[in-house]
Amino acid sequence: MIHIWKQYPGVNQLSSSLGGLSLQHSQQPESLRPVNLTQDRNILPVSSVPAPVPNLNSDLRKLNCSPDSFRCTLTNIPQTQALLNKAKLPLGLLLHPFRDLTQLPVITSSTIVRCRSCRTYINPFVSFIDQRRWKCNLCYRVNDVPEEFMYNPLTRSYGEPHKRPEVQNSTVEFIASSDYMLRPPQPAVYLFVLDVSHNAVEAGYLTIVCQSLLENLDKLPGDSRTRIGFITFDSTVQFYNLQEGLSQPQMLIVSDIDDIFLPTPDSLLVNLHESKELIKDLLNALPNMFTNTRETHSALGPALQAAFKLMSPTGGRISVFQTQLPSLGAGLLHSREDPNQRSSTKVVQHLGPATDFYKKLALDCSGQQTAVDLFLLSSQYSDLASLACMSKYSAGCIYYYPSFHCSHNPAQAEKFQKDLKRYLTRKIGFEAVMRIRCTKGLSIHTFHGNFFVRSTDLLSLANVNPDAGFAVQMSIEESLTDTSLVCFQTALLYTSSKGERRIRVHTLCLPVVSSLADVYAGADVQAVVCLLANMAVDRSVSSSLSDARDALVNAVVDSLAAYMSTASNLQQSMLMAPNSLKLFPLYILALLKQKAFRTGMSTRLDDRVYAMCQMKSQPLVHLMKMIHPNLYRIDKLIDESTIHVNDRVVPQPPLQKLSAEKLTREGAFLMDCGSSL
């Protein structure tokens, strides 16, 4: 491999004070070791694939953001766009900004220190010129250190701003002052919109929803102001007056679905604590209220219009449970699926919405700080491509249970139950916005996830939850020759369920390199694959599925061809990859077999669309399990490395290579695909 280093000398020795370390060592890094993909039999991972560690000095490495929250497709950033183009790898970030954390420094200082020019939050990668001045690591402006920042609350000492928790941790959360509020923080408001048509009653989902809510009412995130409401619908829309003081819930029916209105606007969303007994009465009664219904129609659109009107004054979360194609009123849909085309290897049609009703409604909701979450429990085609828009553009989430039936399909019912429990009790952020900043010279051009882009770099998230992932694509607009490090910072401003305005900030620091070999050495193959999956979903909808599949294959072919052309001593007849990218072809082949992208196999349109929604909204850790699941052999469990959970000993089977040759008729195996086992 000497030739690579002669042809592409490593980065000039970078200033160690800035933390950049050259890859120009006497021996090549392990990530650049050439792997012969056609002959090497031991390519498959036998343990979970770790994220590559950026090549920084040890001090910066310790301070860097966890890859579970924030990672880049390239941990060595190319100096120029031309160098990036040569590498044929995508540059982008994968974010999991609101994930559950066991440790999170919370800062309650009245002064939140930010750059006066680019508004970057002070972080471990700024430099202190002296005690009174700091230099921004994104735009390089020199700022004054405020007097209050001179005092360190942790050590109770004065005059050491560089030891403050904001400068010692790359993930922090600030309690925000009133400067960060457009209005007083909203209460937690939850509205449940439930399909009660014949189809829905027959499927039996209502019992599970009501039971789950009864069990978790006290665990819903919120405070003494928490409010809750219920709407049901079939061919009409039914509201429930739960005003404190009533002897029982009152049902109010609106049958004019073409001009929907709220019958008693003030008593439909009630304080959870004050009306708790009425709410429990309603939840106990609901599963049996529609048992003998003959209503087969579904006026979902009008029910959503009513929900929007009800939520607009405060904002909050609308949870929609739907079991069929909406058939009445605004937003009605017709079946677009041709079952004979499910196995088509040619064109897959109708991956986009049939109407803009649900997108427009979502944007209206987003403008009023309301997110719409969709639970689709269907036994036949329901046009998820259209319905999903209500969640995509309002920062909601989508759950899908095909062939759902509470008794005929117990596995789906159990999954629905477990998902609901997590959904109802997990942390939630309201009226949120997220901004991603990066070092001067870099620019963000495409966002992936469920949100509304309010301005070029500001994402509007009416709700944010700990299971939501995001991705962004970037380009290098100006050469980075004058710097040895680049930084990325994401700031998520949200209202907690307890009514506190908070800002969660993550900062990532990466070295800049000038040689192609170094770019390959720092490639994060899992991040690359997840970003390409997001890009391929967009391509499928805007162009065609076959185009997206070709683009995925070309991404591997082009990058490996570019790598092989840099290494003049590699035999061109062999398929070689750097160690960092040895799993790239495998992951892309696995991606092509996913329901989102596969062809020639019977795939229902809703199944395909849901898989695409997952690709766009799952954090990397979940997405990789979908693409390349974990396989365990469970018939030969041993006591080694067991763990204790609730006084029970749980064996930990070793991970198997995901290959057919590892399967035997004599063995029992468990495959973990993330959302299913």
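Before I start, one definition: UniProt annotations may be inferred rather than shown by experiment, and their positions are given here in the numbering of this chain. The model itself is predicted.

With that said, the UniProt record, an unreviewed entry, lists residues 112-148 as "domain: Zinc finger Sec23/Sec24-type". What is the helix and strand content over residues 112-148? The model has 0% helix and 27% strand there.

Next, a sheet. β6, β7 and β8 form an open sheet of three strands, in the order β6-β7-β8, and the pairing is antiparallel. β6, residues 127-130, and β8, residues 142-144, are the edge strands, each pairing on one side only. From one strand to the next, the twist averages 35°. Strand β7 covers residues 133-135, and three bridges join β7 to β8 in the antiparallel sense. As for individual residues, Arg133 has Asp144 in β8 as its bridge partner.

Now to a pair of helices. Helix α8 spans residues 300-311 and helix α9 spans residues 357-367. Their axes come within 11 Å and cross at roughly 10°. Angles under 35 degrees count as roughly parallel, so α8 is roughly parallel to α9.

Which residues make the contact between α8 and α9? From α8 we have Leu300, Gly301, Leu304, Gln305 and Phe308. They meet Phe357, Tyr358, Leu361, Asp364 and Cys365 in α9. By class, the residues of this contact are seven nonpolar, two polar and one charged.

Terms used:
Residues are numbered from 1 along each chain as its sequence is written. This is a predicted model: local features need pLDDT of at least 70, side-chain atom pairs count only at pLDDT 80 or more; totals for chains, interfaces and linings use all residues. Side-chain values use heavy atoms; hydrogens and water are left out. Two strands pair if DSSP finds at least two bridges between them. Helices (H or I, at least four residues) and strands (E, at least two) are DSSP runs, numbered from the N terminus. Axes are lines fitted to C-alpha atoms, for helices over the stretch in contact, and angles run from 0 to 180 degrees between N-to-C directions. Angles under 35 degrees count as roughly parallel, over 145 as roughly antiparallel, 65 to 115 as roughly perpendicular and the rest as oblique. Contact means heavy atoms within 4.5 Å. Ala, Val, Leu, Ile, Met, Phe, Trp, Tyr, Cys and Pro count as nonpolar, Asp, Glu, Lys and Arg as charged, and the others, Gly among them, as polar.
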